[in-house]
Amino acid sequence: MEPLQAARTAHGELLRFRTAHMAGNLWRTFLSSVWILTLVSCARTRIYPHNEVTLLDTRTVPGELKWAANPAEGGWEEVSIMDEKNIPIRTYQVCNVLEPSQNNWLRTDWIPPSGAQRVYVEVKFTLRDCNSLPGVTGTCKETFNLYYHESNEDRESYIKESSFIKVDTVAADESFTQVDVGDRIMKLNTEVRDVKITVKKGFYLAFQDVGACIALVSVRVFYKTCPLTVRNLATFPDTVTGADTSSLVEVRGSCVDQSEEKEVPKMYCGADGEWLVPIGGCLCKPGYEEQSGACKGRNRLLDAGCSKCPPHSRSLRDGANVCDCHTGFFRADADPPSMACTQPPSAPQQLISVVNETSVVLEWAPPRRLGGRSDISYSLDTQLCLPCGSDVLFSPDQTGLLTNRVVVSKLRAHTHYSFIVHARNGVSQVSGAGASQSASVSLTTNQAAPSPVSSIQLTDVTRHSLSLAWQQPDRPNGVILEYEVKFYEKDQRERSYRIMRTFLRSVDVAGLNPLTVYVFHVRARTAAGYGEYSAPFEFSTNSDPFPLIGEGVNSAFLLLSVSGVGILLLISAAVFIISRRYADVFLVVLAFFVSKYSKTKQDVEEEKHLNPGVKIYVDPFTYEDPDQAIHEFAKEIDVSSIHIERVIGIGEFGEVCSGRLRAQGKREIYVAIKSLKAGYSDKQRRDFLSEASIMGQFDHPNIIRLEGVVTRCKPLMIITEYMENGSLDAFLRKHDGQFTVIQLVGMLRGIASGMKYLSDMSYVHRDLAARNILVNSNLVCKVSDFGLSRVLEDDPEAAYTTREATGSYLSPGGKIPIRWTAPEAISYRKFTTASDVWSYGIVMWEVVAYGERPYWDMNNQDVIKAIEEGYRLPAPMDCPVVLHQLMLDCWERERADRPSFSQILNMLDKLIRNPGTLRRTGGDRVGSEVCVSVAPEVCVPQWSLYDWLQPIGLERYRDVLAAAGYSMTLVVNLPSFTLDKNVVPM
């Protein structure tokens with residue numbers, strides 16, 4: 001036994017020697033790699049951005065860092081390495097990859113935040129690739145953890161690990177191998193994390209190693225400020241950014257010397273350290289003028305005695321106060337005596353015209369001679385434009401043009417025109433210059449769409465029909481191919497309309513409601529396309545009695561009348577044969593027949609609104625010219641009627657402000673104002689205006705209302721109604737637990753109503769989430785943010801497919817919101833109303849959970865995988881079973897199995913009418929008193945028609961009902977208040 005024991009001891013010593021030898025080789029390789037890295041990275045002088053204030057930088061700390069390491073031996077080790085300039089570099093390294101369950105901590109010294117509420121930690125490090133190390137499988141890691149701990153003490157000797165708050169797990173983008181060391185190729189990683197500091201006077205940072213081979217080359221802690229600046233003659237001091245990444249800090253400026261406030265100067269400091277949206281400003285005091293952001297005294301002409309006359313002027317005597325201009329040179333009334341005399345400009349050059357049907361684009365080059373002035377403007381002389389009418393439009397204007405381009409529209413087709421462009425400056429009126437300053441062009445317009453129909457006459461009227469006639473448009477501009485008639489009930493206000501087309505100048509409109517006012521529009525079409533609709537004309541149907549049979553009576557009305565008589569006869573017979581004991585049950589049968597009749601009538605009404613005349617959304621991207629779409633769907637607002645008050649956020653295209661709008665003849669209202677930031681591209685302008693073109697087509701109480709746009713001056717603006725409570729998710733988080741279940745269901749009902757309206761218009765939102773729902777002061781929820789939306793095709797199975805799929809989650813509108821998007825939209829880029837229903841289910845979960853993040857801290861890949869494996873979000877706390885079941889219905893894997901928004905809306909209405917069904921928050925499924933699912937078959941009891949009729953003594957009517965096509969399914973779908981469980985036993 002002794003020789004065997006000695007052999008085992010020798011073998012153990014050999015293994016320990018090999019392990020120690022391998023660890024030593026790893027450590028020496030790691031140290032050499034860090035030394036090479038420091039030669040590459042530390043030989044450069046550190047230059048910090050102007051808006052960053054450094055609190056700690058290990059490269060500038062003299063001497064050793066002496067941070068606290070736990071354990072003190074065998075864990076993090078401070079290593080001092082000399083760079084090529086013999087400057088010591090302090091690094092911390094650890095490489096315990098051969099032993100499992102590593103827990104090595106390194107804590108910095110106490111760091112005061114210097115008033116900052118959010119600090120940033122920049123870590124530069126290098127990390128060894130575990131796959132390049134032999135024998136470390138399962139023990140080697142390639143990440144480390146970053147923690148922080150707030151404290152008022154600057155010399156805490158011991159801090160529990162549980163007291164630290166985790167910031168993030170940091171992974172390397174690149175790791176190095178032994179081959180990289182041999183080739184002297186180093187891979188330095190730089191990661192930046194932000195930490196919110198709001199409680200204590202300072203904080204500690206901690207780095208936790210869990211088994212990696214890593215070196216911390218440098219650690220830098222800094223915060224961001226908006227640097228000192230001068231805007232609009234107001235000085236704004238260095239300002240520390242806010243605590244949140246989306247917060248804006250309002251700063252009031254102070255006027256520079258020798259200036260005074262015109263309007264209170266304010267700016268906003270953004271989280272990225274940039275100044276945003278200057279408001280107000282200062283003006284120089286009398287006797288001073290603005291120069292390079294300061295007010296400096298003016299140079300007076302006579303301060304140092306007499307001076308030479310300004311250019312192009314002379315004086316006939318010494319000491320004159322004013323010098324006279326030379327012949328051909330002039331001085332405007334507002335010009336100071338010290339200013340040189342100037343001339344009117346020469347004529348515009350290279351005047352060209354481009355004819356597009358009945359519109360003309362005129363462009364020209366600036367005059368060869370500007371006359372020594374910069375206040376040049378252009379105008380079109382309408383007196384020589386023949387034959388121009390009062391309805392001709394000039395864009396941007398006819399006079400006072402500061403650009404060299406104008407669009408003239410609404411001209412007559414096939415007509416000869418002459419246009420004269422004048423160039424003027426400040427002395428043109430004084431000089432009396434005329435034709436020599438102008439350029440002219442003659443042209444002939446092309447074919448065009450016809451002008452509007454001027455009037456519509458009523459030729460015949462009955463209870464259910466109207467006959468109309470009209471004259472040909474004043475300017476047909478070609479052969480009229482057909483007329484299009486659009487009409488709707490007056491109280492509908494164009495929300496639901498129908499369209500008829502005819503080759504004649506008359507039409508008979510049937511199927512109307514009696515005693516109802518209808519609004520009619522007519523437009524004509526030629527080979528050039530449709531003209532504009534006529535002005536609205538209102539006509540009403542009359543109240544004559546129904547015609548007799550044989551005089552054109554409607555077949556549906558005849559069927560309903562006969563059915564009604566049959567129902568009355570059946571009721572009369574039942575009164576005599578049913579005892580008083582079954583009176584309540586008889587009411588059930590009565591309600592059944594009445595509901596059948598009501599449903600027939602409702603189907604007739606719905607069929608009327610599902611005709612091809614229903615209003616359909618028009619994609620603004622189908623317009624070649626985005627300005628045409630914006631002018632067709634949105635109203636232009638005069639910028640002078642808008643008063644911006646404050647910035648409330650930053651959108652994709654620029655700032656979002658609140659303010660007031662005072663339209664002429666209307667009361668002042670609060671509005672939200674989106675502006676397009678300067679330096680935009682053509683694509684950004686088109687995308688910005690397309691959102692307004694989309695919103696302008698909607699008119700619903702649960703859709704954000706577009707007030708108008710500003711496109712004729714900069715910046716471009718979109719004006720919408722102001723929603724006082726902001727986004728729904730933030731509003732719910734702020735008021736966590738403060739609403740009743742009925743109030744939450746009411747919010748969900750409003751969202752569903754808005755989405756039903758959009759789906760009825762064949763419109764797909766694609767980004768439905770609580771953050772895109774706005775809430776006003778009355779808790780009305782409205783759908784907004786149409787930047788990702790697209791239109792459905794005519795085919796109900798068709799769906800919008802993205803045109804770009806170069807990344808994992810890219811789409812034309814940006815990244816797909818994974819947590820809110822249906823599986824088929826993520827996998828195949830197919831968006832339909834059914835995918836909006838999936839998103840609505842997530843919104844329901846957000847509302848009931850008071851703004852909690854869906855799927856919590858799961859990353860996008862984990863969310864996708866979990867959904868594919870059948871995982872669905874559980875019910876939030878105190879969530880009624882009926883609401884969670886509705887969510888699950890929205891999250892069905894197959895699109896066809898999900899409810900429509902119409903079904904969802906009906907379900908929510910049922911819950912609001914029966915609030916007792918919302919009390920069940922757990923346990924078994926709800927019984928027959930309420931249907932949890934929107935699919936009726938889920939809740940149908942397994943009865944035959946006979947089983948239901950026999951207990952109430954009406955079994956003899958089974959064959960009659962069955963022959964009429966009535967089944968048990970229709971009976972159990974009666975309103976819940978008619979099914980009394982004491983009368984109909986289960």
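**Reading the labels in a predicted model**

Guide: The chain averages a pLDDT of 78, and 75% of the residues score at least 70. pLDDT is the predictor's confidence in each residue, from 0 to 100. This is a predicted model, so local features need pLDDT of at least 70 and side-chain atom pairs count only at pLDDT 80 or more, while totals for chains, interfaces and linings use all residues. Residues are numbered from 1 along each chain as its sequence is written, and side-chain values use heavy atoms, with hydrogens and water left out.

Visitor: Where does pLDDT stay under 50?

Guide: Over residues 789-814. The model has 66 contacts there beyond four places in sequence; a contact means heavy atoms within 4.5 Å. Residues 968-986 are also below 50, with 31 contacts beyond near neighbours in sequence. Where pLDDT is low, the predicted coordinates should not be read in detail.

Visitor: Why is H6 called roughly parallel to H7?

Guide: Angles under 35 degrees count as roughly parallel, over 145 as roughly antiparallel, 65 to 115 as roughly perpendicular and the rest as oblique. H6 (residues 626-633) and H7 (residues 682-695) pack at about 20°, their axes 9 Å apart. Therefore H6 is roughly parallel to H7. Axes are lines fitted to C-alpha atoms, for helices over the stretch in contact, and angles run from 0 to 180 degrees between N-to-C directions. Helices (H or I, at least four residues) and strands (E, at least two) are DSSP runs, numbered from the N terminus.

Visitor: Which residues of H6 and H7 make the contact?

Guide: From H6, Pro626, Asp627, Ala629, Ile630 and Phe633. From H7, Arg685, Arg686, Leu689, Ala692 and Ser693. By class, that is six nonpolar, one polar and three charged residues. Ala, Val, Leu, Ile, Met, Phe, Trp, Tyr, Cys and Pro count as nonpolar, Asp, Glu, Lys and Arg as charged, and the others, Gly among them, as polar.

Visitor: What makes Arg829 buried or exposed?

Guide: Buried means under 20% relative accessible area, exposed over 50%, partly exposed in between (1.4 Å probe, protein chains only). Arg829 has 10%, so Arg829 is buried. Its phi is positive, about 55°, although Arg829 is not a glycine. Arg829 lies in the loop between helix H10 (823-828) and strand S50 (830-831).

Visitor: And why is Ser114 called partly exposed?

Guide: Its relative accessible area is 48%, so Ser114 is partly exposed. Ser114 sits in the loop between strand S5 (104-107) and strand S6 (118-127). Phi of Ser114 is positive too, near 55°.
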